[in-house]
Amino acid sequence: MRCPYCGNDDTQVKDSRPTEDSNAIRRRRVCNGCGGRFTTFERVQLRDLIVVKKSGRKVPFDREKLARSVNTALRKRQVDPETAERMISGVVRQLESVGDVEVTSDQIGEYVMEGLKGLDDVAFVRFASVYKNFSSADDFQSFLTEMGGDDPEDQG
């Protein structure tokens with residue numbers, strides 16, 4: 001494994017253990033060149049997925065891109081990174097179990113929104129604002145109204 005700090009190919013595994021959901025192996029590594037420490041994750045990949053964009057363009061599925069967008073939505077929120085990682089793994093498993101090699105960007109967005117709704121309401125709305133391309137405050141208001149029933153005055 002190449003060191004992310006200096007690019008050296010000579011790295012050593014110091015510790016390996018399964019993640020909480022046992023869907024990946026977490027490896028702590030150290031670079032024999034610069035001494036840098038980093039973590040890698042090893043996962044089972046059932047198939048190579050292709051994402052069909054709204055424009056019709058097809059690109060390979062990138063789990064890291066999915067993780068970046070989820071982590072952007074979760075930025076400065078009180079969500080455990082392991083919990084977020086489990087949610088991301090769940091989305092990937094859902095995509096792989098669709099049964100088709102091609103998945104639409106809309107499918108991915110819906111699965112992520114479903115996962116975020118269960119984790120954190122603010123992250124859910126943040127992600128939805130980008131995914132649904134909100135252009136004004138009215139878009140936020142309409143979306144929150146559609147979510148419905150979350151008004152504390154209605155409960156009680």
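The following exercises, with worked solutions, concern a predicted model.

**Exercise 1. The annotated span**

State which residues the UniProt annotation "domain: ATP-cone" covers, and describe the span in the model.

*Solution.* 
Step 1. According to the unreviewed UniProt entry, the annotation "domain: ATP-cone" covers residues 49-139.
Step 2. In the model, this span of residues 49-139 is 62% helix and 10% strand.
Step 3. The end C-alpha atoms of the span lie 32 Å apart.

**Exercise 2. The surroundings of helix 4**

Describe helix 4 (residues 121-131) from its start to the residue that follows it, and identify its packing partners.

*Solution.* 
Step 1. At the start of helix 4, the backbone nitrogen of Val-122 has a side-chain oxygen of Asp-120 within 3.1 Å.
Step 2. The buried residues in the helix are Ala-123, Phe-124, Val-125, Phe-127, Ala-128, Ser-129 and Tyr-131.
Step 3. These buried residues pack against helix 1 (63-73), helix 3 and helix 5 (137-147).
Step 4. After helix 4 comes Asn-133, which has a positive phi near 60°.

**Exercise 3. Salt bridges and accessibility**

For the salt bridges Asp-15 with Arg-17, Arg-27 with Glu-42 and Lys-54 with Asp-106, classify each residue as buried, partly exposed or exposed.

*Solution.* 
Step 1. The classification requires two cut-offs: a residue is buried under 20% relative accessible area and exposed over 50%, and partly exposed in between. The model has seven salt bridges, among them the three treated here.
Step 2. The side chains of Asp-15 and Arg-17 meet with an N to O distance of 3.0 Å. Asp-15, with a relative accessible area of 26%, is partly exposed, and Arg-17 is likewise partly exposed at 45%.
Step 3. In the bridge between Arg-27 and Glu-42, the N to O distance is 2.9 Å. This pair links distant parts of the chain, with Arg-27 in strand 2 (residues 24-31) and Glu-42 in strand 3 (residues 37-43), 15 residues apart. Because its relative accessible area is 19%, Arg-27 is classed as buried. Glu-42 is partly exposed at 44%.
Step 4. For Lys-54 and Asp-106, the closest N and O atoms are 3.6 Å apart. Here too the pair links distant parts of the chain: Lys-54 lies in the loop between strand 4 and strand 5, and Asp-106 in helix 3, 52 residues apart. Lys-54 is exposed, with a relative accessible area of 62%, whereas Asp-106 is partly exposed at 35%.

Note on methods
Residues numbered from 1 in each chain as written. Predicted model: local features only at pLDDT ≥ 70, side-chain atom pairs only at ≥ 80, totals over all residues. Heavy atoms only, no water. UniProt positions renumbered as here; feature names shortened; annotations may be inferred. Helix = DSSP H or I, 4+ residues; strand = E, 2+ residues; numbered from the N terminus. Buried < 20%, exposed > 50% of the residue type's maximum accessible area, 1.4 Å probe, protein only. Contact = heavy atoms within 4.5 Å. Polar contact = N/O pair within 3.5 Å; in protein donor to acceptor, adjacent residues only side chain to side chain. Salt bridge = Lys/Arg side-chain N within 4 Å of Asp/Glu carboxyl O.
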